[in-house]
Amino acid sequence: MTSAPITLLVAILICAAPFATAAEPTLNVDRLVEEALQNNPEILAAREKAAAVREKVPQAGALDDPMLGLGIVNLPTNFSFSDEDMTMKEVSVSQKVPFPGKRGLMRGMTEKEADAAAIDIAEVANRVAREVKSAYYELSHAYSAEEVTRRNKQILENLVRIGETRYALGEGIQQEVLAAHLEISRMVDELLMLEQNRAALEAKLAWLLNREADGVSGRPEPVVFHKTAIDIKRLQQAAIEANPMLKGLRKMVEAREKGKELAERDVYPDFDFRFAYGQRDDGPGNVDRKDLMTGMVGISIPIYYPLKQGPKVAESRADARSAEARYRAARNEVLYMVASMGAMVQRLERQIELYQTGILPQARLQAQSTMSSYAVSKVDFNGLLESHIRLHRFELDYHQALTDYEKSLAALEASVGQPLRPQEVAK
C-alpha cells in the first residue's frame, strides 16, 4: 500500500514535460564573422598599416631632392665685383643619382614589403574569424550545458521528493536523500559557473566585434552536426598555397632577396651631378666679361668597403637566410596544424556519432528503465540517482564534443586559409 504514492510520483516524473524556454534573439555565426571583419580594430589597424607601407613604394624609388646653391666666387677683400676677372655671383643646381639599378631594387624591395603588409590584413582577418567562431561555439555550449543542467536539476529535485516520501514511509534511508541534495548543490554551482562563463564569452564577442554600447546578447543558433570527410594531404597542399601567414612570409623572403641584391650593388659608386652659372660684372674701362658655366660629376669611392659595404652585404645575406628559415619553420608548423586539426575533426566525428547512436540512447533507456524499476522497488534510490547523474554527464560531454568539433573545424579552416567547401574536402 505504501508504494502507491511512490509509483504516482515516479509516473509524474517520467511524464514531466521539459522546460519551455522563452523566445530569445538568436545569433548567427556567419553574420558575426562578417561584422567582425568589417569593424574589428585589429583588422582596421592592419589595413591602415598596409596603406602606410604602400605609400613608401614611390618614396623608395625616388631621387633625392636636388640642391640649389647660391654663392659668391673669388670676391676680393675690398668687396669689389669688378676688380677681379674671376669674381662672380654663382647659381648652382646639384643632383645625386644612385648607380643604375639601385633605385629599381629599392623600389622592388619596398613593393614586396607592401605586398606582405597587404597579406597581413588577411592573416589578421583569418585569426579574428577563428576567434569569433571559437567564442560563438563556446557560448553555444554554455547555453546548452545550462539547459541540460537545469533540466537534470529539476529531475533530481523530483527524485528528492520521491526519496523523502519513501523515507517518511519508512522505506528509505536519509543518506540517499542527502546524496541527492549534494548533487543538486553541485549543479547549482555548475549553473553559476556557466552563467559567469556565458557573460565572459558575450564580452569577448563584443570586443571582437568592436561593440561598445549594446554588447552581444542572444542565444547562438542550435549547432547541427554535419559530417565532413577530411583529406589531410589535399588540405596541407591547399594550406601551402592559401595560408595568409605563409603568403606573407614568402613576400618577405622575396623582399630580403631584393635587399641582398641591393647591398651587393652598393659597392658600385653613386654620382653627384652639378651645374653652375656664374655672372661676372664688366671690368674697369667697361671691359666686357663673359658669364661662365660650370659642369661637374662627383663619383663616390667605396674605400671603406671592409667597414661599411662588406658588413652590409653580409648582413643582408644573413637576413635573407633568416627569412627563408622563418618561412620553412612556419610552413612546417602549418602542415602540422592541418594534420593535427584534421585528425582531431575525424576523432570528434566518430565520438559524436557514438554519442548519437549509442551512448545517449542507451543512457536514456537505462535511466528510464531504472526509474520504472525503482517504482516497483526493484532498484534502490542510489541506483536511480546514479543513472540520472550518468545521463547528465553524457549529455554535457556530447555538447562539449559538438563544440570541440566546430572549434576544430574553425581552426582547420584558419590553418588552411580558406573555407572548407565540400568539393575541397570530399574524398
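User: Why does glutamate 131 count as buried?

Analyst: This is a predicted model, and the values are computed from it. Glutamate 131 has 18% relative accessibility. Buried means under 20%. So glutamate 131 counts as buried.

User: What makes glutamate 131 and arginine 127 a salt bridge?

Analyst: The closest N and O atoms of glutamate 131 and arginine 127 are 3.5 Å apart. The cut-off is within 4 Å, so the pair qualifies as a salt bridge. Both residues lie in helix α5. They are four residues apart, about one turn of the helix.

User: Is arginine 127 buried or partly exposed?

Analyst: Partly exposed, at 24% relative accessibility.

User: How many salt bridges does the structure hold, and which residues are linked in a network?

Analyst: The structure holds 31 salt bridges. Arg54, Lys112, Asp115, Lys251 and Glu254 are linked in a network of them.

User: What makes glutamate 254 and lysine 112 a salt bridge?

Analyst: Their side chains meet at 3.0 Å, N to O. That value is within 4 Å, so the pair meets the definition. Glutamate 254 lies in helix α8 and lysine 112 in helix α5, so the pair ties together parts that are 142 residues apart in sequence.

User: Why are glutamate 254 and lysine 112 called partly exposed?

Analyst: Glutamate 254 has 31% relative accessibility. Lysine 112 has a relative accessible area of 22%. Buried needs under 20% and exposed needs over 50%, with partly exposed in between. So glutamate 254 and lysine 112 are partly exposed.

User: Which parts does the pair of lysine 312 and aspartate 266 tie together?

Analyst: Lysine 312 lies in helix α9, and aspartate 266 in the loop between α8 and β5, so the pair ties together parts that are 46 residues apart in sequence. The closest N and O atoms are 3.7 Å apart. The limit is within 4 Å, so this is a salt bridge. Lysine 312 is partly exposed, at 41% relative accessible area.

User: What makes glutamate 146 buried, and which residues is it in contact with?

Analyst: Glutamate 146 has 8% relative accessibility. The cut-off is under 20%, so glutamate 146 counts as buried. Glutamate 146 is found in helix α5. Leaving aside neighbours within four places in sequence, glutamate 146 is in contact with Leu191, Leu194 and Arg198.

User: Where do the residues of the largest nonpolar core come from?

Analyst: That core has 30 residues. The elements giving two or more residues to it are α7, α8, α9 and α10. The largest share, twelve residues, comes from α9. Isoleucine 352 is one of the residues with the most contacts inside the core. Isoleucine 352 touches Phe225, Tyr398, Ala401, Leu402 and Tyr405, not counting residues up to four places away. A second, separate core of 23 residues includes Val29, Leu32, Val33 and Ala46.

User: How do you know that the span of α10 is close to the expected value?

Analyst: α10 has 36 residues and reaches 52 Å from its first C-alpha to its last. The span expected at 1.5 Å a residue is 52 Å. Glycine 417 follows α10, with a positive phi near 95 degrees.

User: Which residues form the nonpolar patch on the surface?

Analyst: Leu68, Leu70, Val91 and Val93 form it, with about 410 Å² of accessible area together. β2 and β3 are the elements that give two or more residues to the patch.

User: Why is leucine 68 called exposed?

Analyst: Leucine 68, found in strand β2, has a relative accessible area of 61%. Exposed means over 50%, so the label holds for leucine 68.

Conventions:
Residues are numbered from 1 along each chain as its sequence is written. This is a predicted model: local features need pLDDT of at least 70, side-chain atom pairs count only at pLDDT 80 or more; totals for chains, interfaces and linings use all residues. Side-chain values use heavy atoms; hydrogens and water are left out. Patches are made of residues with over 30% relative accessible area and no salt bridge: like charges are joined within 9 Å, nonpolar side chains (Val, Leu, Ile, Met, Phe, Trp, Tyr) within 5 Å. Accessible areas come from the Shrake-Rupley method with a 1.4 Å probe; for residues, only the protein chains shown count as cover. Buried means under 20% relative accessible area, exposed over 50%, partly exposed in between (1.4 Å probe, protein chains only). A nonpolar core is a set of buried Ala, Val, Leu, Ile, Met, Phe, Trp, Tyr and Cys residues joined through side-chain atoms within 4.5 Å. Contact means heavy atoms within 4.5 Å. The expected span of a helix is 1.5 Å times one less than its number of residues.
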